[in-house]
Each structure stands twice: as structure tokens, then as C-alpha cells.
Amino acid sequence: MRSILAIAAITALLLPAVAIAATNPPFFVEGTCKELNKQGWGNFPEGDPNYTAKRDRDNDGIACEF
Ligand SMILES: [Ca+2]
């Protein structure tokens, strides 16, 4: 019983981190903005591994806007 509670507590602690990580990949992913947006990824700020000038056509510092 105690181990089940420990697993539940650990899961509750880790879930928000997983949700944040799933929002945008922390590494560069290949693909066009259209493809990335379709997967729910986008709005990459400058400095993000997925920010490139090519993906920021309006040059406002945010790539692949939704
Ligand atoms: Ca932009």
C-alpha cells in the first residue's frame, strides 16, 4: 500500500513537468511550421532550439506562430 502511495505521489510531481515538455520539444525538430503546428508545437521564441529565421518570416522574434 505504501509503495502505491509513493508511486502516486511521484506521478503527481512528474506530470506537470511532462506536460510542459510535451508542449514544445526541448530539442530541434525537423519540419515546416505547418507540420509542427499540426502536432501542437509552435510559438518558438528566439533562443529556443526550434527558432530559426526561416520559421520566423515576419521577423518578430517568434517562429511558427499559431
Ligand atoms: Ca514570427
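A residue is called buried if 20 or more other C-beta atoms lie within 10 Å of its own, exposed if 12 or fewer do, and partly exposed in between, with the C-beta atoms placed from the backbone. The structure described here is a predicted model, in which local features need pLDDT of at least 70 and side-chain atom pairs count only at pLDDT 80 or more, while totals for chains, interfaces and linings use all residues. Residues are numbered from 1 along each chain as its sequence is written.

The mean pLDDT (the predictor's confidence in each residue, from 0 to 100) of the chain is 83, and 67% of its residues reach 70 or more. Residues 17-21 have a pLDDT below 50, and beyond near neighbours in sequence this stretch has one contact in the model. Two residues are in contact if their C-beta atoms, placed from the backbone, lie within 7 Å.

Two helices and two strands form the secondary structure of the chain, in the order α-α-β-β from the N terminus. Helices (H or I, at least four residues) and strands (E, at least two) are DSSP runs, numbered from the N terminus. Of the 66 residues in the chain, 11% are buried.

A UniProt annotation from an unreviewed entry, "domain: Excalibur calcium-binding", covers residues 32-65; such annotations are given in the numbering used here, with feature names shortened, and may be inferred rather than shown by experiment. The span is 18% helix and 12% strand, and its end C-alpha atoms lie 12 Å apart.

The largest nonpolar core consists of five residues: Cys 33, Leu 36, Phe 44, Ala 63 and Cys 64. Such a core is a set of buried Ala, Val, Leu, Ile, Met, Phe, Trp, Tyr and Cys residues joined through C-beta atoms within 7 Å. Leaving aside neighbours within four places in sequence, Phe 44 is in contact with several residues, including Tyr 51, Ala 63 and Cys 64.

Cys 64 sits in the segment after S2 and is buried because 23 other C-beta atoms lie within 10 Å. Most residues other than glycine have a negative phi. Cys 64, however, has a positive phi of about 55°, and phi of Asn 43 is near 55°. Asn 43 belongs to the loop between helix H2 (33-38) and strand S1 (44-45), and is partly exposed, with 15 other C-beta atoms within 10 Å.

Finally, Glu 65 lies in the segment after strand S2 (62-63). Glu 65 counts as partly exposed because it has 14 C-beta neighbours inside 10 Å.
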